[in-house]
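Have the viewer open and follow along.

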Amino acid sequence: MAIIITYDILSKHVEFKKEMFQLGYKDQIPGENCKIIYFPNTTLYHATREAETARDEAKIVCKKLNIQLERCVATIWKDWAAVCGEPFKQ
């Protein structure tokens, strides 16, 4: 089942995303009405995770990076609408 997870951390944003990417999370996916859907900065997608697993993996990554997971919500990716967005500028 596909999920999205949104989170707040105070530091190590790039490192956090790299760790999550290694677990199969994405910050963009193909769209139907647009070529690519770019997720907001602190939102990731996973095609096969359960919401609880995503939350737990975020906690583990934060502990590994020695940062605090300030807020986190993971939920099923279903019945959604999006503004396609643009890639983030590096």
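Before we start, a word on terms: buried means under 20% relative accessible area, exposed means over 50%, and partly exposed is anything in between (1.4 Å probe, protein chains only). Helices (H or I, at least four residues) and strands (E, at least two) are DSSP runs, numbered from the N terminus. What you're looking at is a predicted model, where local features need pLDDT of at least 70 and side-chain atom pairs count only at pLDDT 80 or more, while totals for chains, interfaces and linings use all residues. Residues are numbered from 1 along each chain as its sequence is written, and side-chain values use heavy atoms, with hydrogens and water left out.

Start with helix H1, residues 13-22, where Phe 16, Lys 17, Glu 19 and Met 20 are buried. These four cover an arc of only 160 degrees around the axis, so they sit on the same side of H1; the arc is that of the directions from the helix axis to the C-beta atoms. Turn to the other side of H1 and you'll find Val 14, Lys 18 and Gln 22 exposed. What covers the buried residues? The cover includes strand S1 (3-9), strand S4 (43-46) and helix H2 (51-65). After H1 comes Gly 24, with a positive phi near 100 degrees.

Speaking of phi, most residues other than glycine have a negative one. Lys 12 isn't a glycine, yet its phi is positive, about 60 degrees. You'll find Lys 12 in the loop between S1 and H1, and at 37% relative accessibility it counts as partly exposed. Asn 66 is another non-glycine with a positive phi of about 60 degrees. Asn 66 lies in the loop between H2 and strand S5 (69-76), and at 69% relative accessibility it counts as exposed.

Now look at Thr 42, in the loop between strand S3 (36-38) and S4. Is Thr 42 buried or exposed? With 18% relative accessibility, Thr 42 counts as buried. Contact here means heavy atoms within 4.5 Å. Leaving aside neighbours within four places in sequence, Thr 42 is in contact with Ile 5, Thr 6, Tyr 7 and Asp 8.

Next up is Arg 71, which sits in strand S5 and counts as exposed at 53% relative accessibility. Again setting aside neighbours within four places in sequence, Arg 71 is in contact with Thr 6, Tyr 7 and Asp 8. Arg 71 and Ile 4 are 67 residues apart in sequence and 14 Å apart in space, C-alpha to C-alpha.

Time to zoom out. The chain has two helices and five strands, and along the sequence they follow the pattern β-α-β-β-β-α-β. The radius of gyration is 13 Å, close to the 12 Å that the globule rule gives for 90 residues, so the chain is as compact as a globular protein of that length. That radius is taken over C-alpha atoms, and the rule is 2.2 Å times the number of residues to the power 0.38. Along its principal axes, the C-alpha trace spans about 40 × 30 × 20 Å. Of the 90 residues, 33% count as buried. Among contacts between residues at least 6 apart in sequence, 70% join residues at least 24 apart.
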